[in-house]
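Let's take a walk through this model together, from helix packing to charged pairs and aromatic rings. Keep the viewer open as you read.

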Amino acid sequence: MMAGGNLTQVHVYEQAVILLSCVLSLLGSLLIICTYATWGDLRTTPRKLLVFLSVADLLSALSYFYGVLKDFDSDTKDCIAQGAISTFANTSSFFWTVAIGIYLYIFIVKSSQRLADSLVLYFHLISWGVPLAITVAALALQKIGYDASEVSVGWCWVSIREKDHVLWMLLTGKIWEFLAYITLPVLYILIKRHIHKAHAALSEYRPILATSPTSQSLSTMADRKLTLIPIIFIALRMWSTIRFLLMLADSPARQNPVLVILHGIGNTFQGAANCIMFVLCTRPVRSRLINVLCCQDRGALSSSDTHSQRTVHTHTDGPSNPRAWEEDEDEEAD
């Protein structure tokens, strides 16, 4: 596997595409963080969890950008540092993505905001602590280093020279990726089923509820984006999984340029994808961004803020209503 002719070569055009993906992810993660910090009435617990996910995606995109730009060919100090940061950030991103799914499942299906909010501390302990422990262990045992782009695209990860490199690839990412593939679809299918059942149960009362200020029930929230979360996660991450499996089979197909590019984009585009879903495709945030970019007068911006705040709190018993992610559903229904 380490013979020179078998190493995966990263071409300049592949680097360019993946570097662009990194930049978009950086900008997307920063936009999520900035919008959360700027507008207080949108600081719901789900968006707070999204911010933590964006921090992980930001670190991941930065480390991948440096790795792709350098296109390492040996176990240099910056290779090991970059590999450690990307290992921590990438694994943390998996945990935070699943944490958001668990939070929404408990909030919507179990109808327990208190229980959902009480888990946030544990989300922090697990989503930061486990990746940190794994990364420190890998560094201490000198497992992180040059991997010849066999399961990366120019960046460093687990050293391909280590005899137990497959085990450490599993521990530092792949096993958590596989678990996320299973956990996320199950959670969101259960949430969708609950929403649809609630729709059916309330169908005969909808004409009455439609005229009520509290007509927005939990059964109307999260339908489209909840479907997109696991779909986008799997669509982005599946290419790295495919290359990993091809590496295990020692198949030359892992060096296919198209597969390499898809792998690079999939590993680096998560921050941009989340920004598209939860900023650009969410009406209150999008409206405010348009107002800022178009330099509208303060009166128009204040009016937009008031409308968005009223919409966010249409159905909530606290500041943690996940419906703040789903305002574009109202727009589609209009």
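The paragraphs below go through helices, then salt bridges, then aromatic rings.

A word on conventions comes before the tour. This is a predicted model, in which local features need pLDDT of at least 70 and side-chain atom pairs count only at pLDDT 80 or more, while totals for chains, interfaces and linings use all residues. Residues are numbered from 1 along each chain as its sequence is written, and side-chain values use heavy atoms, with hydrogens and water left out.

Let's begin with the helices. Helices (H or I, at least four residues) and strands (E, at least two) are DSSP runs, numbered from the N terminus. Two packed helices are described by the angle between their axes and the distance between the axes. Helix α1 covers residues 12-38, and its axis comes within 8 Å of that of α2, crossing at roughly 155 degrees. Here axes are lines fitted to C-alpha atoms, for helices over the stretch in contact, and angles run from 0 to 180 degrees between N-to-C directions. α1 and α2 are therefore roughly antiparallel; angles over 145 degrees count as roughly antiparallel, under 35 as roughly parallel, 65 to 115 as roughly perpendicular and the rest as oblique. The crossing of α1 and α2 is left-handed, a label used if the near helix is turned anticlockwise from the far one by less than a right angle, with right-handed used if clockwise. What kinds of residue make up the contact of α1 with α2? They divide into 19 nonpolar, four polar and three charged, where Ala, Val, Leu, Ile, Met, Phe, Trp, Tyr, Cys and Pro count as nonpolar, Asp, Glu, Lys and Arg as charged, and the others, Gly among them, as polar.

α1 has another packing to look at, with α9. The axes of α1 and α9 come within 8 Å and cross at roughly 15 degrees, which makes α1 roughly parallel to α9. This crossing of α1 and α9 is right-handed.

Now for the charges. Side chains of opposite charge can pair when their charged atoms come close. A salt bridge is a side-chain nitrogen of Lys or Arg within 4 Å of a carboxyl oxygen of Asp or Glu, and a search of the whole structure finds seven of them. One joins Asp-75 to Arg-161, with N to O at 3.6 Å. Asp-75 sits in the loop between α2 (45-70) and α3 (77-109), and Arg-161 in the loop between β2 (157-158) and α6 (165-202), so this pair links distant parts of the chain, 86 residues apart. Asp-75 is partly exposed, at 38% relative accessibility, and Arg-161 is also partly exposed, at 47%. Those words follow cut-offs on relative accessible area: buried means under 20%, exposed over 50% and partly exposed in between (1.4 Å probe, protein chains only).

Is the next pair, Glu-150 and Arg-254, buried or exposed? Glu-150 is buried, at 0% relative accessibility, and Arg-254 is buried, at 2%. In their salt bridge the closest N and O atoms are 2.8 Å apart. Glu-150 lies in the loop between β1 (144-145) and β2, and Arg-254 in the loop between α8 (223-248) and α9 (257-268), so the pair ties together parts that are 104 residues apart in sequence.

Within helix α6, Glu-177 and Lys-174 are three residues apart, about one turn of the helix. Their salt bridge has its closest N and O atoms 3.0 Å apart, and both residues are buried. Elsewhere, salt bridges link Lys-143, Glu-162 and Asp-164 in a network.

Finally, the rings. A pair of aromatic rings is described by the distance of the centres and the angle of the planes. The structure holds 11 aromatic pairs. Rings of Phe, Tyr and Trp (its six-membered ring) pair if their centres lie within 6.5 Å; planes under 30 degrees apart count as stacked, over 60 as edge-to-face and the rest as tilted. Phe-94 and Phe-233 are edge-to-face, 5.9 Å centre to centre with 80 degrees between the planes. Phe-94 is in helix α3 and Phe-233 in helix α8, so the pair ties together parts that are 139 residues apart in sequence. Both Phe-94 and Phe-233 are buried. Ring pairs also link Phe-94, Phe-178, Tyr-181, Phe-233 and Phe-244 into a cluster.
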